[in-house]
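Subject: Structure handover

Hello,

Here is the structure we talked about. Please open it first, then read the notes below.

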Amino acid sequence: MPIVPPTHSVERSLRRAGAKIVVGLDEVGRGAWAGPVTVGAAVTGLRRPPEGLTDSKLLTELRREALAPVLADWVTAYALGHASAAECDELGMTAALRLAAVRALEALPVEPDAVILDGKHDYLGGPWRVRTVIKGDQSCICVSAASVLAKVHRDGMMAELGEAHPEYGFADNAGYPSPVHRAALEELGPTEHHRLSWAYLDGLPKWRHLKRIRVVPGPGGTAAAESAGEQLALGF
């Protein structure tokens, strides 16, 4: 099935409602076992995008890497924000995503009037005016640009981390689940770059004692145990 190219449709609707500067946000690394969660922010205006732009997941690695520098020169502005593995453990994924997004937005040289956020969950919230768009990384040009820039940058970060930890295959798996990654974890345990609240540790008896559980306030002020891996499984 041919890929339908993204458009400025949502951005135009926000502009008609008074927003002059619209930024697209997309995240990468949410489901990884290791490394940061990264949020890309891109402002594109209403210009025609580079040929072949779409959601980074629909592009080959070679195509993403070729497109990223073209996008970096083409966009009006872009920035990246990260929340470390330790911050993912400490805060949980929803708050870690917000932290990374805020860091990206605050690093932009312009102040957006509205944000297009990929997905159905608004993990950003106020004071920004947010429009969530399911599959926005496929349908919205500014979100597609953010997705490619974030993916290529984070993959590069993980490849660099992999130089010190070659057994885990970070250059190939970017910290996501893979047979090589799991085998290294079973033998060597997690590194300082691994998320220790993730559910993968439940399947590693030798290292299960390292599992971190966050205790968060429940209804009525009661305490409830929550791991970032469990939160991820619930779709947050």
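The lining of the largest pocket draws on S1, helix H5 (136-139) and H6, each of which supplies at least two residues. Helices (H or I, at least four residues) and strands (E, at least two) are DSSP runs, numbered from the N terminus. A pocket is defined on a 1 Å grid over the protein atoms alone, as an open set of points where a 1.4 Å probe fits, with protein on both sides within 12 Å along at least five of seven lines; lining residues have an atom within 4 Å of a point. The space in the largest pocket comes to about 420 Å³. Its lining has 23 residues, and the closest to the centre are Asp 26, Glu 27, Arg 30, Asp 118 and Gly 119. That volume is the space filled by probe spheres set on the grid points, which are joined across faces, edges and corners. By class, the lining has 11 charged, 6 polar and 6 nonpolar residues. Here Asp, Glu, Lys and Arg count as charged, Ala, Val, Leu, Ile, Met, Phe, Trp, Tyr, Cys and Pro as nonpolar, and the others, Gly among them, as polar.

Some ground rules. This is a predicted model: local features need pLDDT of at least 70, side-chain atom pairs count only at pLDDT 80 or more, and totals for chains, interfaces and linings use all residues. Residues are numbered from 1 along each chain as its sequence is written, and side-chain values use heavy atoms, with hydrogens and water left out.

Now the overall picture. The protein has 9 helices and 7 strands. Of its 236 residues, 49% count as buried. Buried means under 20% relative accessible area, exposed over 50%, and partly exposed in between (1.4 Å probe, protein chains only). Among contacts with a separation of 6 or more, 63% are between residues 24 or more positions apart. Contact means heavy atoms within 4.5 Å.

Next, the strands. Two strands pair if DSSP finds at least two bridges between them. Strand S1 (residues 22-28) pairs with S2 in the antiparallel sense, over 5 bridges. Val 28 has Thr 38 as its bridge partner in S2. S2 also pairs with strand S3 (residues 77-83), again antiparallel, over 7 bridges. There Gly 40 stands opposite Leu 80. S1 runs parallel to S4, joined by 4 bridges. Gly 24 has Ile 116 as its partner in S4. S4 in turn pairs with strand S5 (residues 130-133) in the parallel sense, over 4 bridges.

How well covered are S2 and S4? In S2 (residues 37-43), 7 of the 7 residues are buried. Val 37, Val 39, Ala 41 and Val 43 point one way, Thr 38, Gly 40 and Ala 42 the other, and all are buried. Strand S4 (residues 114-118) has 5 of its 5 residues buried, so it is largely enclosed by the rest of the structure.

What does Ala 150 touch? This residue lies in helix H6 (residues 141-164). Ala 150 is buried, at 1% relative accessible area. Leaving aside neighbours within four places in sequence, Ala 150 is in contact with Asp 26, Val 28, Thr 38, Val 39, Gly 40 and Leu 80. The C-alpha atoms of Ala 150 and Glu 27 are 7.0 Å apart, though 123 residues separate them along the chain.

Lys 151 is also in helix H6. At 16% relative accessibility, Lys 151 counts as buried. Lys 151 touches Val 28, Ser 56 and Arg 64, not counting residues up to four places away in sequence.

For contrast, look at Lys 206. Lys 206 sits in the loop between helix H8 (179-188) and strand S6 (214-217). Lys 206 is exposed, with a relative accessible area of 51%. Leaving aside neighbours within four places in sequence, Lys 206 is in contact with Glu 186 and Glu 187.

Last, the cysteines. The structure holds 0 disulfides (pairs of cysteine sulfur atoms within 2.5 Å). For Cys 140, the nearest cysteine sulfur is that of Cys 142, 5.9 Å away. Cys 140 is buried, at 2% relative accessible area, and Cys 142 counts as buried at 2%.

Best wishes
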